[in-house]
Amino acid sequence: MATEPLNDATDPIDVLVIGAGISGIYQLYKLAQTDLTYRAVEAGDGVGGTWYWNRYPGARFDSESYSYAYFFSEELLGEWNWTEHFAGQPEIENYLNTVVDRFDLRRHITFGVRVLTMTWDEAARTWSTTLSDGSTIRSRFVVTAIGILSAPQYPAVPGIEDFQGESYHTGLWPKHDIDFTGMRVAVIGTGSSGVQIISAIAGQVGSMTVYQRTPNWCTPLNNRPITAEEQQQLRADFDQMHTGLMGSFAGFVHNFSADNPAEQTPEQRAAYWETLWQAPGFAKLLGNYVEVMTDKDYNTEFTKFLEAKIRARVHDQKIADKLIPDHGYGVKRPPFETDYYEVFNLPHVSLIDMRDTPIERVTPRGIATADGEREFDIIVYATGFDAITGAFDRIEITGTAGTLKDYWAEGPHTVVGAASPGFPNLFFVVGPHSSAGNVPRISERQCDFVNEVIGEALRRGCTRVEARPEAEAEWTAHVYELNQGTLGAQAALDYTYGVNTPGKAVTFRHYDGGLIGLTAKHAEIADSGYAAFDFS
Ligand code: NAP
């Protein structure tokens with residue numbers, strides 16, 4: 001189906017959506033239910049966002065597939081069969097393409113263009129958005145759905161361009177197959193992406209050297225196929241599941257234990273942790289005693305339990321020493337794994353601890369550290385993202401308050417993560433200070449809210465809606481108050497603090513109140529007649 005043309009010289013459209021990933025697709029679906037004019041622009045050549053770019057071997061959900069899906073159409077829910085509890089990237093990309101075609105959204109998306117600048121025209125009350133293909137789109141509103149992990153980052157070491165072998169970033173993985181057979185491979189980074197690709201290619205490579213800076217608390221994903229009976233049950237329970245997810249702390253099927261660990265013996269706690277170890281994915285984090293996330297002693301007790309698990313799986317205890325983190329559980333986003341620790345028992349796999357021997361430079365033939373140069377055929381950069389605000393910083397967004405990059409230089413400040421004063425008619429879906437959790441559920445909530453605010457402006461016959469500074473100050477203070485003193489804040493190790501991006505202000509960019517806190521704030525704002533916004 002042909003894409004509709006861009007509107008260079010014509011009247012402004014009502015809403016421009018930036019990004020056609022999970023959030024952008026849902027936002028387009030919402031707009032398709034209105035009589036507004038709209039369009040999405042997308043840097044990739046296909047839909048999917050995260051699930052388009054991160055097509056590296058081993059990439060898969062670590063939220064349960066059915067909890068990640070869209071819930072807006074009973075027919076879709078009835079038609080689509082996830083094959084595994086945690087689907088792999090090809091299946092996810094296929095799902096998103098199916099959704100876009102099923103609901104005739106593709107013709108509203110322009111692919112292969114990057115947004116360069118966005119400038120607010122106060123007189124015309126429109127945004128002018130310039131694109132990498134030289135065109136400009138004018139729109140009354142802009143909704144950014146640009147993701148929180150979409151600005152890939154390479155390590156700040158010299159020589160990356162000099163390497164004469166192949167090199168790939170997990171977040172920019174090419175569409176063609178890469179043959180690792182017999183290759184000498186380096187993988188830099190041991191976050192969720194590194195852990196997935198390391199396990200996926202270990203059996204294929206000739207040799208693999210893993211460059212680890214910070215070890216992570218990796219626990220079993222426990223993936224398995226969805227049986228026909230489970231499929232039937234899932235279908236029967238979809239409404240209930242949706243209500244449960246949207247009412248849960250973070251949009252997952254897992255909920256914190258109702259038990260108080262203080263009322264249990266160490267043996268009872270260990271027995272409970274054993275059930276979590278056997279349970280799928282995020283159960284270890286979100287099905288745990290909530291006290292493990294808030295009380296240092298319980299957290300340490302849990303990490304001792306995990307340490308014993310790692311030691312039992314890794315044969316060489318000197319390697320196990322390197323793989324065992326010295327930070328608390330959950331203070332850094334934990335990866336979920338399949339046979340990850342066993343990889344380090346393989347004779348052709350070695351582990352370089354970058355805390356002892358940091359990378360000095362990438363050379364034409366490999367990687368040099370203080371203890372010498374190693375040669376490789378392929379280097380995989382699993383080095384993550386300029387998280388949460390990175391994708392915003394890469395666009396020059398100019399409102400009445402100057403550029404958004406400058407406005408957020410010391411940290412983001414927003415009304416409920418959805419808008420900032422000085423940037424009228426601009427809304428963020430899954431941006432900073434919205435929420436951590438199962439992204440599609442967060443973005444569903446945030447999209448619904450953003451569309452309510454736009455709808456309210458239109459109902460009032462207004463052409464301009466802007467977040468109020470008092471509401472921004474209130475929400476921002478709330479975000480920091482909740483975060484203050486938490487184990488996460490004490491450690492400040494996670495990319496949500498910006499610590500992985502050289503030169504970035506170290507400040508909290510997520511929101512600890514979960515989907516629950518976000519939903520409550522949305523309701524409060526709606527009940528107040530949207531007093532957090534100025535309409536004119
Ligand atoms: P990440 O968690 O930020 O991990 C990046 C890794 O690269 C870390 O081990 C980091 O070490 C290392 N690194 C970065 N810069 C470095 C440098 N200059 N020198 C040495 N090491 C460096 O990124 P990610 O693994 O791509 O994951 C990001 C997020 O994406 C995850 O937390 C998760 O939310 C999401 N994700 C989800 C899935 C899924 O299963 N659904 C899969 C992949 C990713 P330090 O830790 O020391 O910074």
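**Exercise 1.** Which residues in H9 meet which residues in H12?

*Solution.* The structure is a predicted model, in which local features need pLDDT of at least 70, side-chain atom pairs count only at pLDDT 80 or more, and totals for chains, interfaces and linings use all residues. Residues are numbered from 1 along each chain as its sequence is written, and side-chain values use heavy atoms, with hydrogens and water left out.

Step 1. Helices are DSSP runs (H or I, at least four residues), numbered from the N terminus. Contact means heavy atoms within 4.5 Å.

Step 2. On the H9 side are Pro 266, Arg 269, Ala 270, Trp 273, Glu 274 and Trp 277; they meet Tyr 298, Glu 301, Phe 302, Phe 305, Leu 306, Lys 309 and Arg 313 in H12.

Step 3. By class, this contact of H9 with H12 has 8 nonpolar, no polar and 5 charged residues. Here Ala, Val, Leu, Ile, Met, Phe, Trp, Tyr, Cys and Pro count as nonpolar, Asp, Glu, Lys and Arg as charged, and the others, Gly among them, as polar.

**Exercise 2.** At roughly what angle do the axes of H17 and H20 cross?

*Solution.* Step 1. Axes are lines fitted to C-alpha atoms, for helices over the stretch in contact, and angles run from 0 to 180 degrees between N-to-C directions.

Step 2. The axes of H17 and H20 (residues 514-527) cross at roughly 10° and come within 10 Å. H17 and H20 are therefore roughly parallel (angles under 35 degrees).

Step 3. Arg 441, Ile 442, Arg 445, Gln 446 and Phe 449 of H17 meet Leu 515, Leu 518, Thr 519, His 522 and Ile 525 of H20. These residues divide into 5 nonpolar, 3 polar and 2 charged.

**Exercise 3.** Which residues of H1 and H17 make the contact?

*Solution.* Step 1. The axes of H1 (residues 22-32) and H17 (residues 439-459) come within 9 Å and cross at roughly 35°.

Step 2. H1 contributes Ile 22, Ser 23, Tyr 26, Gln 27, Lys 30 and Leu 31, and H17 contributes Pro 440, Ser 443, Glu 444, Cys 447, Asp 448 and Asn 451.

Step 3. The class count is 5 nonpolar, 4 polar and 3 charged residues.

**Exercise 4.** Which of the 24 residues around the ligand come nearest?

*Solution.* Step 1. A residue is near a molecule if one of its heavy atoms lies within 4 Å of it.

Step 2. Ser 193, Arg 213, Thr 214, Lys 332 and Tyr 495 come nearest.

Step 3. An oxygen atom of the ligand is 2.6 Å from a polar side-chain atom of Ser 193. For Thr 214, an N or O atom in the side chain is 2.4 Å from an oxygen atom of the ligand.

How values were computed. Helices (H or I, at least four residues) and strands (E, at least two) are DSSP runs, numbered from the N terminus. A polar contact is a pair of N or O atoms within 3.5 Å; within protein, one must be able to donate a hydrogen and the other to accept it, and residues adjacent in sequence count only if both atoms are side-chain atoms. Angles under 35 degrees count as roughly parallel, over 145 as roughly antiparallel, 65 to 115 as roughly perpendicular and the rest as oblique.
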